[in-house]
Amino acid sequence: MRVLVLSVLAILPFAVPAVAEDVFFDGDVLTSCSIEGHTNGALGIDLTSGGTILTSSTPYGTAGTVTIRATGSNFINVSAPTRTAQAGGYNAASEVLQVSYQGVGTLSGVTQAFTNVGTSKPATTLLAAILNVNNRITNTANGFPLGTYQTKTTVTCTPTAEF
Amino acid sequence: MHAHGRVLRLLASLAAALAPLPALACTLSITNNGALGMAVGNNTQLGSQLGTGSAATLTTILPLLSGVTIDIGAPTLVQQPAGYSFGTSTPEVAYTAGVLNLVPIKTQPYTASASSFPTGLLGIVTVTIVMQNRVTNTAGFPAGHYRTRTVVTCHP
């Protein structure tokens with residue numbers, strides 16, 4: 001007896017399991033600090049001083065500014081000012097030069113009232129921030145003859161305090 | 001009796017032939033992970049195309065009669081130093097996928113979202129994926145170590 005066998009081939013689905021991998025990216029942000037620019041200030045006579053104080057503080061003058069970007073732990077160092085120009089006949093015997101500064105935004109915690117010495121303040125800004133710097137000269141004994149006066153203050157940003 | 005035995009042997013052979021074939025999985029292999037760098041003077045972005053950064057490269061070998069899909073997950077920041085501001089942070093991924101660097105399959109610009117692409121009926125070929133990661137944070141990046149992760153999946 002012949003038996004007719006019909007065979008039906010079934011196409012079975014092939015199992016393809018999911019496969020996953022993690023791809024990583026690594027990087028380090030290092031401590032850094034940079035002075036990205038500055039603007040000079042302007043000195044004017046403090047009219048309430050009887051002509052014995054030359055200052056950049058408003059409303060008599062204009063503060064200078066320094067743009068600082070600091071990542072990680074850094075210090076902003078502000079030197080005592082020096083006089084770099086004066087009118088003819090100026091008597092500097094009793095003068096006192098001083099600097100003050102105030103940070104803005106992420107630097108707002110950096111502040112110093114008028115002082116005649118260099119100072120250092122810890123700072124982290126992440127983004128660029130402004131430090132407003134003022135200078136003043138007090139000459140109670142001799143005042144200021146007519147002419148041009150100039151002072152200089154140096155601002156640096158370093159991992160360790162300089163003052 | 002003999003016809004019956006032949007039928008049984010035939011059915012047994014058919015059963016063996018029709019048993020499920022071993023699963024043919026796609027394979028993913030990471031050639032190299034990436035690195036994050038930063039451009040000088042701009043600490044609002046950390047990325048593999050900035051500073052000392054570099055791309056990640058991985059390959060996937062597709063099985064026969066593939067039709068698999070490759071998913072690229074949304075990237076996440078999985079390691080960061082103290083003081084990091086997540087509220088202003090956006091991780092992104094970009095990639096190109098192709099066969100033998102000759103046949104492009106997919107180009108994805110930077111995106112913060114997951115994406116995917118089909119491989120059609122390509123079979124037994126190697127697809128190479130070159131991937132970039134970047135993180136933008138308007139509040140900046142505190143000093144320290146950072147790591148991002150992107151999950152790549154190959155599935156039917």
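Q: In chain B, what share of the contacts between residues at least 6 apart in sequence joins residues at least 24 apart?
A: One sorts such contacts by the separation of their partners along the chain. In chain B of this predicted model, 71% of the contacts between residues at least 6 apart join residues at least 24 apart.

Q: Which elements does chain B contain, and in what order do they run?
A: One reads the elements from the N terminus on. Chain B has one helix and eleven strands; the helix stands at the start of the order, and the strands follow it. Of the 156 residues of this chain, 29% count as buried.

Q: How is confidence in the two chains to be read?
A: For chain A the mean pLDDT is 90, and 90% of the residues reach 70 or more. For chain B the mean is 85, with 79% of the residues at 70 or more. For the complex, the predictor gives an ipTM of 0.84 and a pTM of 0.78.

Q: Where does pLDDT stay under 50?
A: In chain A this applies to residues 3-13, for which the model has eight contacts beyond four places in sequence. In chain B it applies to residues 14-23, with nine such contacts.

Q: Which residues touch the most other members of the largest nonpolar core?
A: One looks for the members with the most partners inside the core. The largest nonpolar core has 25 residues, and those touching the most other members are B:Leu46, B:Tyr95, B:Ile129, B:Met131 and B:Val152. Two or more residues of this core come from each of β1 (19-29) of chain A and, in chain B, β4 (56-61), β5 (69-72), β7 (89-99), β10 (126-137) and β11 (144-155). Another core, of 18 residues, lies apart from it and includes A:Ile68, A:Ala70, A:Ile76 and A:Val133.

Q: Which residues does B:Val152 touch, if those up to four places away in sequence are not counted?
A: Its partners belong to both chains: A:Ala20, A:Glu21 and A:Val23 are among them, as are B:Leu28, B:Leu58, B:Ile70, B:Ile72 and B:Ile129.

Q: Is A:Ala20, for its part, buried or exposed?
A: One counts the surrounding C-beta atoms. A:Ala20 is exposed because 12 other C-beta atoms lie within 10 Å, and a residue with 12 or fewer counts as exposed. A:Ala20 lies in strand β1 of chain A. Beyond its neighbours within four places in sequence, A:Ala20 is in contact with B:Val151, B:Val152 and B:Thr153. The C-alpha atoms of A:Ala20 and A:Ile130, 110 residues apart along the chain, are separated by 48 Å.

Q: How is A:His38 to be read by the count of C-beta atoms?
A: A:His38, which has its place in strand β2 (residues 32-39) of chain A, is partly exposed, with 15 other C-beta atoms within 10 Å. With neighbours within four places left aside, A:His38 is in contact with A:Gly64, A:Thr65, A:Val66 and A:Thr67.

Q: How many bridges join β1(B) to β4(B)?
A: One reads the number of bridges together with the direction of the strands. Five bridges join β1(B) to β4(B), and the two run antiparallel. Within this pairing, B:Asn32 has B:Thr57 as its bridge partner in β4(B).

Q: Which strands form the open sheet of chain A, and which are its edge strands?
A: The three strands stand in the order β10-β6-β13, with antiparallel pairing; β10 (119-123) and β13 (155-158) are the edge strands. On average, neighbouring strands of this sheet are turned by 25° against each other, direction ignored. Strand β6 (residues 74-78) pairs with β10(A) over five bridges, and A:Lys121 in β10(A) is the bridge partner of A:Ile76.

Methods
Residues are numbered from 1 along each chain as its sequence is written. Chains are lettered from A and ligands numbered from 1 in the order in which they are written. This is a predicted model: local features need pLDDT of at least 70, side-chain atom pairs count only at pLDDT 80 or more; totals for chains, interfaces and linings use all residues. Helices (H or I, at least four residues) and strands (E, at least two) are DSSP runs, numbered from the N terminus. A residue is buried if 20 or more other C-beta atoms lie within 10 Å of its own, exposed if 12 or fewer, and partly exposed in between; C-beta atoms are placed from the backbone. Two residues are in contact if their C-beta atoms, placed from the backbone, lie within 7 Å. A nonpolar core is a set of buried Ala, Val, Leu, Ile, Met, Phe, Trp, Tyr and Cys residues joined through C-beta atoms within 7 Å. Two strands pair if DSSP finds at least two bridges between them. Axes are lines fitted to C-alpha atoms, for helices over the stretch in contact, and angles run from 0 to 180 degrees between N-to-C directions. pLDDT is the predictor's confidence in each residue, from 0 to 100.
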